[in-house]
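Visitor: I'm new to this one. Could you walk me through how to read it, one feature at a time?
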Amino acid sequence: MTDVPPDPAPDPTPQDEAPRCSAKGCRDAAVWALRWNNPKIHTPERRKIWLACDAHREHLSVFLDRRGFLRDVVPLAELDGPA
Ligand SMILES: [Zn+2]
């Protein structure tokens, strides 16, 4: 994996487990999905996803936003909804 920025977030949780917050050391259930894109390594339509609990949504959003990566933040339920 070379397309994930350094801390605070590790790789996303595998899909077959209950979604957990991506913040380092946090084991809370995720309720938000942060969709981001690194224009240096991703095509424009590509979306990487970090999951966040309520407490870490802002922290992770700011981390991505500072780097110009953040595209949007949506409720996890919305992301999991029917395509
Ligand atoms: Zn968290």
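Predicted model: local features only at pLDDT ≥ 70, side-chain atom pairs only at ≥ 80, totals over all residues.

Visitor: What does pLDDT tell me, and what does the protein chain average?

Guide: pLDDT is the predictor's confidence in each residue, from 0 to 100. Here the protein chain averages 86, and 75% of the residues score at least 70. Among the elements, helix H2 (residues 76-80) has the lowest mean pLDDT, 85, while H1 has the highest, 98.

Visitor: How many helices and strands does the protein chain have?

Guide: Helices (H or I, at least four residues) and strands (E, at least two) are DSSP runs, numbered from the N terminus. The protein chain has 2 helices and 3 strands, and along the sequence they follow the pattern β-β-α-β-α.

Visitor: In what order do the strands sit in the sheet?

Guide: First the general idea: strands of a sheet pair through backbone hydrogen bonds, either parallel or antiparallel. The working rule is that two strands pair if DSSP finds at least two bridges between them. In this model, 3 strands form an open sheet in the order S2-S1-S3, with antiparallel pairing. S2 and strand S3 (70-75) are the edge strands, each pairing on one side only. Neighbouring strands of this sheet are turned by 25° against each other on average, direction ignored; the axes behind that angle are lines fitted to C-alpha atoms, for helices over the stretch in contact, and angles run from 0 to 180 degrees between N-to-C directions.

Visitor: How many bridges join S1 to S3?

Guide: There are 5 bridges between S1 and S3, and S1 also pairs with S2 over 5 bridges. Another pair to look for is Leu34 with its bridge partner Val73 in S3.

Visitor: Which residues have the most contacts inside the largest nonpolar core?

Guide: In soluble globular proteins, nonpolar side chains tend to be buried together. A nonpolar core is a set of buried Ala, Val, Leu, Ile, Met, Phe, Trp, Tyr and Cys residues joined through C-beta atoms within 7 Å. The largest one here has 14 residues, and those with the most contacts inside it are Cys21, Ala30, Leu34, Trp50, Leu51, Ala52 and Leu60. Strand S1 (32-36), strand S2 (48-52) and helix H1 (57-66) each give two or more residues to this core, and the largest share, 4 residues, comes from S1. S1 is mostly covered, with 4 of its 5 residues buried.

Visitor: Which residues is Ala30 in contact with?

Guide: Two residues are in contact if their C-beta atoms, placed from the backbone, lie within 7 Å. Ala30 is found in the segment before S1. Leaving aside neighbours within four places in sequence, Ala30 is in contact with Pro19, Arg20, Cys21, Leu51, Ala52, Cys53 and Leu76. Leu76 is 46 residues away along the chain, yet the two C-alpha atoms are separated by 7.2 Å.

Visitor: And Arg35: where is its place?

Guide: Arg35 is in strand S1. It counts as partly exposed because it has 17 C-beta neighbours inside 10 Å. With neighbours within four places in sequence left out, its contacts are Arg47, Ile49, Arg71, Asp72 and Val74.

Visitor: Why do the buried residues of H1 line one face of the helix?

Guide: An α-helix has 3.6 residues a turn, so residues three or four places apart point the same way. In H1, Arg57, Leu60, Phe63 and Leu64 are buried. Seen down the axis of H1, these buried residues fall within an arc of 140°, so they line one face; the arc is that of the directions from the helix axis to the C-beta atoms. They pack against S1, S2 and S3. On the other side of H1, Val62 and Arg66 are exposed. Just after H1, Gly68 takes a positive phi of about 75°.

Notes: Residues numbered from 1 in each chain as written. Buried ≥ 20, exposed ≤ 12 C-beta atoms within 10 Å, placed from the backbone.
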